[in-house]
Amino acid sequence: MERDLIGRPQFIVSTAVDFVRSSGDALASGTDRQNFFNFYTSFVDSNYFDQYTRLINSSGNKDMLDRVGAISLDGLFVPYSTYIEHTGSLPHFESPTESGEGVVNVNSLNPFNPSNMFGTGILSTGITDSGTYNQNVWASGGHNILAAITSSKYSTDNSIESGVHPSDHYFDADFYYRKKTELLDIRSIAHRAPLILSGPGYDVDGNPVPTGSGGGMHPQAYSNPSLWKTGPLDVRWDQSRAVWSAGTSTKVFLSKVTNTYNPPNFSYEVERSNSRDQFSRVGPTTRRAFDSAETIYDPEQLAYDADEDNVGPYERLDYMGLEFPHYEAFIIRETIDDVGPSYYNIWTEDCSDCGHTSNPCPSGGRIGGHGAASVNKKILIENPLKQSLEVGDLCFTMKTGRAKNVNTGMFVGGSGVGASGNITTNSSGVATFNVSSAGSGYIYGGFALVSSGICVGVTPIFTGGVLSSGTVVPASGLPRSMTYQLSIYPLNSTAETESLDLHWIMQAEFKTTQVATYVGCDGGVLQTCSRKIQSQGMVSCEYCGTSTALINSF
């Protein structure tokens, strides 16, 4: 395209200029002159912009830099297409997956055809039903946008008479000539994200900003721009509605716990005879190697699949040989996710619960479960209510908006390779640092991490970039006649971490417990009554006499 057709680059320049206004009580004490800033804002071409920037950067005008801001218009505005199948270089509308009565999505908010009230549009004509769309709706109201470029890229006939090609980019003029107007592929201008807002207002807690003495709005809030709060407008992309949403980021999810979780401040007592102690903490005891790219690892699903007798509600889960992952739970689905069949089976399995290991998501599949993609699924949990959880327990979790880095104990990069060593203790429990391999290239030194089973501080010593010795603190009082391997990393290596969203557990899965409510003899016949109750976490209601075992959290 010729540059003359595009036009010269345009800029917007805004400068804070000194002004004065009267202040005081005009009827009593009279008025005074008060200085304040106003803004001169204007559009300029590239020649003016170049001259202006040279002027304010000159030695005699550098104080102007504290009062001026400027940007080319592409920093504020960008072109876009309303056509969801646009294949060119423009950003464009997307097709929403969430629709229906009461749902506000990209179609509802389309300024050129809100809620498809003028028709849905088809390729080559932009008009529904090959040109016979609701002319009366447009004629009685239409919209009040004057003009926009409408595409003729897909037209098969460029003549006005054919009714295919837009005769005018002014919407009402086009309607006058053709008795219809373009709806499908309109090329307009969008505000470039992120939008930067500056001014006074109120914070998320309802307090005025900028704040003055006493907690009220600052008296110069509307006249002194240096006090204004300035920052990007935080909106989030809602893929299901294909819109930018200014709503809260708090969302509720159905999640599954991958580790046995027994809070340190939670304890429980199991009253039963020693001979009938049956409680055991179930779940894997070995940690799985860190791999941020690995698919979802669900030990419950593996244990369920390993027993061929497990059909429907599980009968037995054996976690022998399984591991727990570096995350504490994973998201099965969000509450608004559309899963299952189109029709709901009342009072029967609706195939949409999509949570229990016998009913993976969607029905018959593993999306959101073991082997599925783990991107944005792995989470850490906080448990303010101290609910006790087993591997595989389902729970509702709420995204807190916070995240934590998982410390994997692994490090990458840095200067130095090949160093290794171990710690051995003698028969008296005194430690010795041993060099297995000196390595090379540790020009910045290094650090050592000891394998599990011993709590000591280890300092490797490097001489000339190679491992020569090391110290152990404390060096005595340790387990006797043991060997502990060391992992040695360059001092300038980088910890390998993964940032995981932090969720609160709102409610966890209930378990059924049957309680005997009455045991007695009536006319020589033993009678018992019982009731099933829903309990949560690791509980037992069994009592078998005074010889009991007490099991506390661990």
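Contact here means heavy atoms within 4.5 Å. This is a predicted model, where local features need pLDDT of at least 70, side-chain atom pairs count only at pLDDT 80 or more, and totals for chains, interfaces and linings use all residues. Residues are numbered from 1 along each chain as its sequence is written, and side-chain values use heavy atoms, leaving out hydrogens and water.

**Exercise 1.** Find out which residues Tyr327 is in contact with, leaving aside neighbours within four places in sequence.

**Exercise 2.** Work out how many residues the largest nonpolar core has.

Solution. Start with the term: a nonpolar core is a set of buried Ala, Val, Leu, Ile, Met, Phe, Trp, Tyr and Cys residues joined through side-chain atoms within 4.5 Å. Buried means under 20% relative accessible area, exposed over 50%, and partly exposed in between (1.4 Å probe, protein chains only). The largest core has 18 residues, and Tyr327 and Ile332 have the most contacts inside it. Strands (DSSP runs of E, at least two residues, numbered from the N terminus) come next: S16 (329-334), S18 (394-412) and S25 (494-508) each give two or more residues to this core. A second, separate core of 16 residues includes Phe433, Val456, Leu478 and Tyr484.

**Exercise 3.** Count the disulfides (pairs of cysteine sulfur atoms within 2.5 Å).

Solution. Searching the whole structure gives zero. As for individual cysteines, Cys521 is exposed at 62% relative accessible area, while Cys529 is partly exposed at 39%.

Terms used: Helices (H or I, at least four residues) and strands (E, at least two) are DSSP runs, numbered from the N terminus.
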